[in-house]
Amino acid sequence: MPFSSSCSKVSMVLVVSLFVTSLMAMTASAGNFFQDFDVTFGDERAKILNGGQLLTLNLDKASGSGFKSKNEYLFGRIDMQIKLVSGNSAGTVTAYYLSSEGPTHDEIDFEFLGNLSGDPYTLHTNVFSQGKGNREQQFHLWFDPTKAFHTYSIVWNSQRIIFLVDNIPIRVFQNLETIGVPFPKSQPMRIYSSLWNADDWATRGGLVKTDWTQAPFTASYRNFQASTTSTNSLTEQSAWQTQGLDAAGRNRLRWVQQKFMVYNYCSDIKRFPQGLPAECRRSRL
């Protein structure tokens, strides 16, 4: 056999081997809802399907449903693909967040406020530290979140919290402890999600009520990933442990906030007559 032919075959074997190894690693790192989560309420309204690869939450007039992670996390990157309630989802809220427990808890929130058919969802975000929140930013999305799965991510390190949608940053909350702003850094948090009725406030301030003739309402979840110091190699750790925004990321953030932000507590002067919160006066990326 000629040497070049032999080398070519060896190279092909190596490439195939690396591909298979990579595929196995990707599969191994993917979450399994049976292994990673517990149903918290709703009984049979929360269903784990496809061997643990899919989870659905349902809401009817009697009850909503929810789940939480078995593990707690202190810093990391959390990714979840979610497909939201379709059609007339007014009055419903799909919550997906990190939270610790107790009166001085920390929390990092995504909440999806339902809509009348044809109107956009409102994505509500908030950050709690030592029991204090009131840091709401709200957005409309640039796509229909009910037609397909989209990835909603939280990067949480000691410098900042980054909210991402399909890997596009929509919000950054910086660690500004140096000017007296509390930052979540010492309380491990679990992942929670729930689908529930909030028609007293969720849609147009509670003016639009839930249409129970459309029930049950369903939200679907897949492809959970948690990258933390306990789950990743040193190389992978460094990606989220120091993650910030480069020039392209800052441009994407500006695009989202200029085009799709519908509420920013840092612009709500009437709400803070004594002056805006310190982090609003020290805004930086």
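This is a predicted model: local features need pLDDT of at least 70, side-chain atom pairs count only at pLDDT 80 or more; totals for chains, interfaces and linings use all residues.
1. Aromatic pairs. The count of aromatic pairs in the model comes to 19. One of them joins phenylalanine 112 and tyrosine 152 in an edge-to-face arrangement, with 4.8 Å from centre to centre and 70° between the planes. The angle qualifies as edge-to-face because it is over 60 degrees.

2. Placement of this pair. Phenylalanine 112 belongs to strand S7 (residues 107-113) and tyrosine 152 to strand S10 (residues 150-156), so the pair ties together parts that lie 40 residues apart in sequence. Phenylalanine 112 and tyrosine 152 are both buried.

3. Ring cluster. Ring pairs also link a cluster made up of Phe33, Phe37, Phe67, Tyr221 and Phe224.

4. Position of glutamine 187. This residue sits in the loop between strand S12 (168-174) and strand S13 (190-197). Glutamine 187 has a relative accessible area of 18%, and it therefore counts as buried, the limit being under 20%.

5. Contacts of glutamine 187. Apart from neighbours within four places in sequence, glutamine 187 is in contact with Leu74, Ser100, Glu101, Thr104, His105, Asp106 and Trp156. Threonine 104 is 83 residues away from glutamine 187 along the chain, and their C-alpha atoms are 9.7 Å apart.

6. Polar partners of glutamine 187. The side chains of glutamine 187 and serine 100 make a polar contact at 2.9 Å.

Methods. Residues are numbered from 1 along each chain as its sequence is written. Side-chain values use heavy atoms; hydrogens and water are left out. Rings of Phe, Tyr and Trp (its six-membered ring) pair if their centres lie within 6.5 Å; planes under 30 degrees apart count as stacked, over 60 as edge-to-face and the rest as tilted. Helices (H or I, at least four residues) and strands (E, at least two) are DSSP runs, numbered from the N terminus. Buried means under 20% relative accessible area, exposed over 50%, partly exposed in between (1.4 Å probe, protein chains only). Contact means heavy atoms within 4.5 Å. A polar contact is a pair of N or O atoms within 3.5 Å; within protein, one must be able to donate a hydrogen and the other to accept it, and residues adjacent in sequence count only if both atoms are side-chain atoms.
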